[in-house]
Amino acid sequence: MTNVCKDYLNYWRYALNTTEEASRSEYWFPTLAHVAFFSLLMAADKENYDTEPGDQFIPTPINKLYTAFAVLSFIPTYSVFSRRLNHLGMSKSIAKLIYSANVLGYIYVYFMNKKTHKEIEEIVGGRKNFAILASIVTVAYTSELVLALKK
């Protein structure tokens, strides 16, 4: 079995283990595989591409698959990042902080998908507030990726 397959299987095998260590490849191969998988699902979801400002998000089977996989892989992703931090000798508090921001991002996206574009504008208070929220989640993801790159 190749190292890529072993690393991906270790991602699921140690899904609840935050005490061991993870190498860069154990972190990056599953991460890149999931990014590719999510990208393919989003590209296949043609029903939600051309929505008008008053339209509501259309729940399609692809959206349900995307959501189910995101929920299923959230804890193993947190675990592998915690194990990566263990390997680097860093505090797991960083993982908790970053994943707290990610959870808020997931919850935000979940609830906003049930609203029309106009309702979202009213709730968020315009594009400025949305940009602030998006920036917080982006900083969290970027921090995770930068930390995971270390040797």
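**Questions on a predicted model**

Author: N10 has its place in helix α1, helices being DSSP runs of H or I with at least four residues, numbered from the N terminus. This is a predicted model, in which local features need pLDDT of at least 70, side-chain atom pairs count only at pLDDT 80 or more, and totals for chains, interfaces and linings use all residues. Residues are numbered from 1 along each chain as its sequence is written, and side-chain values use heavy atoms, with hydrogens and water left out.

Reader: Why does N10 count as buried?

Author: Buried means under 20% relative accessible area, exposed over 50%, and partly exposed in between (1.4 Å probe, protein chains only). N10 has 13% relative accessibility, so N10 counts as buried.

Reader: What is N10 in contact with, leaving aside its neighbours within four places in sequence?

Author: Contact means heavy atoms within 4.5 Å. On that basis N10 is in contact with E26 and R83.

Reader: Why are α1 and α2 called roughly perpendicular?

Author: The axes (lines fitted to C-alpha atoms over the stretch in contact, with angles from 0 to 180 degrees between N-to-C directions) of α1, residues 3-13, and α2, residues 24-44, cross at roughly 85° and come within 8 Å. Angles under 35 degrees count as roughly parallel, over 145 as roughly antiparallel, 65 to 115 as roughly perpendicular and the rest as oblique. The two helices are therefore roughly perpendicular to each other.

Reader: Which residues of α1 and α2 make the contact?

Author: V4, D7, Y8, N10, Y11 and W12 come from α1, and S25, E26, F29, P30, A33 and H34 from α2.
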